[in-house]
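Welcome! Please have a look at the sequence and the 3D model below, then follow the briefing topic by topic.

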Amino acid sequence: MVSGLVVAGALAAAGTAAAATDETPRTQGGATATIGGLKTYGTAVIHGTGGDQQVSAGLFEMSVDGGGTLQTYCVDLDNPTQRDAKYQETSWSGTSLGANKNAGRIRWILENSYPQVNDLAALAEKAGAGGLSEQDAAAGTQVAIWRYSDGADVDAADPQAEKLADWLEKHARDLAEPKASLTLDPPAISGHPGGLLGPVTVHTDAASVTVIPAANEGTSGARIVGEDGEPITSAANGGKIYFEVPEDAADGSLEVTVQASTTVPVGRAFTSENRSQTQILAGSSESTVSATASATWAAKGAVPALSARRDCAHSALAIAAANQGDEAFTFGLMGVTYTIPAATTRTVTVPLQEDQSYDFTISGPNGTSERFTGVLDCKTQSSTAGDSVQTLSGPSPVSAGITKDTTTGTDLADTGGSTMTPLIAGVAIGFVVLGGAALVLSRRKEARAND
């Protein structure tokens, strides 16, 4: 009995610890936000081989780190939303949108529907929808998006919302992917001391960015400067940032962070590292965005600079490996050895399975290392042609709330993540242990009775 309860408690504690220690990998920059759940929504009906399912459909709300609010729609119907999941702005190529020929049509829907179009009377007139409430507009927009993002056979339950969904689907046109709110390119550089390393170029839609050197600036004599070699505290789109490293500086590294306040472009994708469903931006308040770049230097030998991005077109993690040293840089990854010659930059493609977690550490010279963690989440369930998609919670295909199978009237599992899941699992195992113990005691009693 005691061992069973200890197992249950250990599982519950392990689940909580895992949630608390999730690591965010180095990103390409932009907005980082925490999802708060569905805020404006109606009802949709998914038609599947197993019958019809009623689901919640509409706008999610996210709180941006550093200030700001985002509104998003789901582009990953069959994956659940994990409670309080952390999201990072990312390019389409790192999501299922990268291989979706209709991704541009989804952006058109976002630009031409609620909440970007908040004159609901005018929107209803265009769609021939009579009257639209905010809930109808959100549901109709989400349904139209699902038809393109997941290829879903889905309708809005409300007739007016359904008319809007049909109008949006029919009139959608291809639009280009929006640019990132803020990135630094490249995110990692390397070289020898004695001059300027760089440039790192600022790409942003903000009027300007604040340049924030790392706390250790100056300890080795290195500092952050502009093209003229003078210290820099701000930059504009297209601005160049350099790392000035004295010739006698010891081998080392330095980071720089840039931060700005801007509205994130509609159509930017947002992904989570814990398989919470992919989102696409529908609206943004003035929000805090940031990006970080690093420089590494050494007097001799290999001097690597590493960065990574998910490449959904090739189901892989693409690692950019630059070596501005005077010797080759060799490293191993997943049983394969790679060599980057001196003064060379190459991209190493690491194939991964869908939904595969990765945690790679690449060791460099002088005890340096770079760690990359995350999950390859490149497909919606509809695009896997029947393959099972592993999720972190129940089997329901919706984004939030309780779903109901309209053919049986049975409530299905809540797809939002729950901190109770590990506790329930632990208690269940505890009862299994208790049951086993009771069975053993019973058999011993019977054995004594028969002696």
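How many bridges join strand S9 (residues 209–213) to S11, and do the strands run parallel or antiparallel? Two bridges link S9 and S11, and the two strands run antiparallel. Please keep in mind that this is a predicted model. Its protein chain contains six helices and 25 strands, and 47% of its 451 residues count as buried.

**The five-strand sheet**

- S9 and S11 belong to an open sheet of five strands, in the order S7-S16-S13-S9-S11, with mixed pairing.
- Strand S7 (188–191) and strand S11 (234–235) stand at the edges with a single partner strand each, so one side of each has no neighbour in the sheet.

**Strand S18 and its two partners**

- S17 and S18 run antiparallel and are joined by eight bridges.
- One place to look is Ala308, which stands opposite Ile319 in S18.
- Together S17 and S18 make a hairpin with four residues between them.
- In the turn of this hairpin, Ser315 has a positive phi of about 50°.
- S18 also pairs with strand S21 (residues 344–351), again in the antiparallel sense and over eight bridges.
- In that pairing, Leu317 has Val350 of S21 as its bridge partner.
- Is S18 enclosed or open? Seven of its eight residues are buried, so S18 is largely enclosed by the rest of the structure.

**The disulfide**

- The model has one disulfide, formed by Cys312 and Cys378, with their sulfur atoms 2.0 Å apart.
- Where do the two cysteines sit? Cys312 is in the loop between strand S17 (304–311) and strand S18 (316–323), while Cys378 is in the loop between strand S23 (369–375) and strand S24 (404–405), so the pair ties together parts that are 66 residues apart in sequence.
- The torsion about the S-S bond of Cys312 and Cys378 is about -75°, so this disulfide is left-handed.
- Cys312 is buried, with a relative accessible area of 7%, and Cys378 is buried with a relative accessible area of 7%.
- Another cysteine, Cys74, is buried at 0% relative accessibility.

**Helix H5**

- Helix H5 covers residues 159–171, which makes 13 residues.
- From its first C-alpha to its last, H5 reaches 18 Å, close to the 18 Å expected at 1.5 Å a residue.
- Which residues of H5 are buried? Ala161, Glu162, Leu164, Ala165, Trp167 and Leu168 are buried.
- The cover over the buried residues of H5 includes helix H2 (103–111), helix H3 (120–127), helix H4 (134–149) and strand S5 (154–156).
- At the start of H5, a side-chain oxygen of Asp158 comes to within 2.8 Å of the backbone nitrogen of Gln160.

**Backbone spots to look for**

- Here is some background: most residues other than glycine have a negative phi, and most peptide bonds are trans.
- Tyr114 and Pro115 are joined by a cis peptide bond, with omega about 10°, and Pro115 is placed in the loop between H2 and H3.
- Asp185 and Pro186 are also joined by a cis peptide bond, with omega about -5°.
- You can find Pro186 in the loop between strand S6 (182–185) and S7.
- Asp84 has a positive phi, near 60°, and lies in the loop between strand S3 (69–74) and strand S4 (86–90).
- Is Asp84 buried or exposed? Asp84 is exposed, with a relative accessible area of 56%.
- Met334 has a positive phi too, near 55°, and sits in the loop between strand S19 (329–333) and strand S20 (336–340).

**The whole chain**

- Among contacts between residues at least 6 apart in sequence, 68% join residues at least 24 apart.
- The accessible surface of the protein chain comes to about 20,400 Å², and 51% of that surface belongs to carbon and sulfur atoms.

Terms used. Residues numbered from 1 in each chain as written. Predicted model: local features only at pLDDT ≥ 70, side-chain atom pairs only at ≥ 80, totals over all residues. Heavy atoms only, no water. Disulfide = S-S within 2.5 Å. Buried < 20%, exposed > 50% of the residue type's maximum accessible area, 1.4 Å probe, protein only. Expected span 1.5 Å × (residues − 1). Contact = heavy atoms within 4.5 Å. Polar contact = N/O pair within 3.5 Å; in protein donor to acceptor, adjacent residues only side chain to side chain. Pairing = 2+ DSSP bridges. Areas by Shrake-Rupley, 256 points an atom, 1.4 Å probe, with all protein chains shown as cover.
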